[in-house]
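Biologist: I am new to this one. Could you show me how to read its features, one at a time?

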Amino acid sequence: MNDHKKFRVGILGAGFISEFHIRVLKTLPYIDLVAVCDSDAGRAESVGRRHGIPGVYDSIARMPEGEVDVVHVLLPPPVHSAAAIECMKKRWNVFVEKPLAVSVSECREMQRAAEQYECTVGVNHNAIYQPAFQKLVEGIRQRRLGRVEHVFVCMNVPLRQLSAGQHGHWMFCDPGNIILEQAPHPLSQIQYLLGDFRSVAALPSGEVTLTTGALFYDTWQISAVCDRGSAQCFLSFGKEYFDFWIYAIGQDGAAFVDLRRNAVQFTEKTRFMPPVEQLYLASKKARNDVGQAGRNLSDYVLGFLKWKPPADPMCRSIETSIRAFYEKQMAGQPPLQGLDQGSAVIAVCEKIAEPVRAVAASRGAR
């Protein structure tokens, strides 16, 4: 249990994602948001002034050791590990944005630091806290699908930086970086449903050369065997249509989870003959879709009018992820998504990226 009545929390990195974290933290009664730190002092001062955060710093070194209990590491992925370790040396627990790190070796360094300085490390795998995904998890707990045997995830993502030619962004500097940037979302969901990955194979395609000369692959087909079943993951980047869904197949049923539209449809065994069952399931799906669409519209309107906090799936998933981390902190328990889970996802990302990194290395050597 924390020695203080409240957790004193610092924000490390005052960029776009910090607004989501700050918005959530300011609603939690057991949080005192006391510090913000960014190498861009002007940006840190702006965030501190806007949100009434008293401590403003331009480096971790300038932050007094007794200033905070927990730091949210919201910096670019290449510095997650180094920043988290620097915080742990000051005996601060850390909550790190995904990806936890950019290599398995960095994850190991974080593990050693956590053990040496007796610190807790959580990772923001917020995709497992999306409302529709949690409905799937609850359905599985209720045995609506029986034992889940296979999971298929599809993520078709537009990338503004890619289409705008902003190819200097970190995720385009190496052909494997896009996997570290985007794949933790579906991979953490697969891991949550099926357990740790035993083996994985990837088939990248859609090779293009960016304006920087770096290679980029816009399509990835991934197959995996996990502790409790098998999985497939289709990733596509830079396309115009955004889609993100999961299809889970169990012994006694299946479920389609539309993460973009926050909707879940369970298809279970019934007592009806096939034609009647088809009509029953179709009418059930229609009622479910209309009901969820109405709730989505209501949440959007109320959020737009500022009559309630934003309720889109991403905002809600980040909120639930942060709450889950601090609930475990208060109970003196390890986080549900911590070093073990974050490191396992990074290990899979490395395996997936191996083929394209090998191609880039061989061409660079010529």
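What follows is a short walk through sheet, helices, loops and contacts.

Biologist: What should I know before I start?

Modeller: This is a predicted model, where local features need pLDDT of at least 70, side-chain atom pairs count only at pLDDT 80 or more, and totals for chains, interfaces and linings use all residues. Residues are numbered from 1 along each chain as its sequence is written, and side-chain values use heavy atoms, with hydrogens and water left out.

Biologist: How do I read a sheet, and what is the strand order here?

Modeller: Strands of a sheet pair through backbone hydrogen bonds, either parallel or antiparallel. Helices (H or I, at least four residues) and strands (E, at least two) are DSSP runs, numbered from the N terminus. Two strands pair if DSSP finds at least two bridges between them. Here, six strands form an open sheet with parallel pairing, in the order S3-S2-S1-S4-S5-S6. Strand S3 (55–57) and strand S6 (121–124) stand at the edges; each has a single partner strand, so one side of each has no neighbour in the sheet. Neighbouring strands of this sheet are turned by 25 degrees against each other on average, direction ignored. Axes are lines fitted to C-alpha atoms, for helices over the stretch in contact, and angles run from 0 to 180 degrees between N-to-C directions.

Biologist: Over how many bridges do strands S4 and S5 pair?

Modeller: Four bridges, in the parallel sense, join S4 (residues 70–73) and S5 (residues 93–97). Within that pair, Val 70 has Asn 93 of S5 as its bridge partner.

Biologist: Which strands does helix H3 touch?

Modeller: Contact means heavy atoms within 4.5 Å. Helix H3 (residues 80–89) packs on the sheet and touches S1 (7–12), S4, S5 and S6. Its direction makes about 165 degrees with that of S5. Helix H2 (residues 41–51) lies across S2 (31–37) and S3, running at about 165 degrees to S3.

Biologist: Which residues of H2 are buried?

Modeller: An α-helix has 3.6 residues a turn, so residues three or four places apart point the same way. Buried means under 20% relative accessible area, exposed over 50%, partly exposed in between (1.4 Å probe, protein chains only). In H2, the buried residues are Ala 44, Val 47, Gly 48 and His 51. They cover an arc of only 100 degrees around the axis, so they sit on the same side of H2. The arc is that of the directions from the helix axis to the C-beta atoms. These buried residues of H2 pack against helix H1 (16–25), S2 and S3.

Biologist: Which residue caps the N-terminal end of H2?

Modeller: Asp 40 does, with a side-chain oxygen 3.2 Å from the backbone nitrogen of Gly 42. Just after H2 comes Gly 52, with a positive phi of about 65 degrees.

Biologist: How many residues of helix H8 are buried?

Modeller: 10 of the 11 residues of H8 (residues 184–194) are buried, so the rest of the structure largely encloses this helix. Among them are Pro 184, His 185 and Leu 194.

Biologist: Is His 125 buried or exposed?

Modeller: His 125 is buried, with a relative accessible area of 3%. His 125 is found in the loop between S6 and H5. A polar contact is a pair of N or O atoms within 3.5 Å; within protein, one must be able to donate a hydrogen and the other to accept it, and residues adjacent in sequence count only if both atoms are side-chain atoms. Leaving aside neighbours within four places in sequence, His 125 is in contact with residues including Lys 98, Ser 188 and Val 345.
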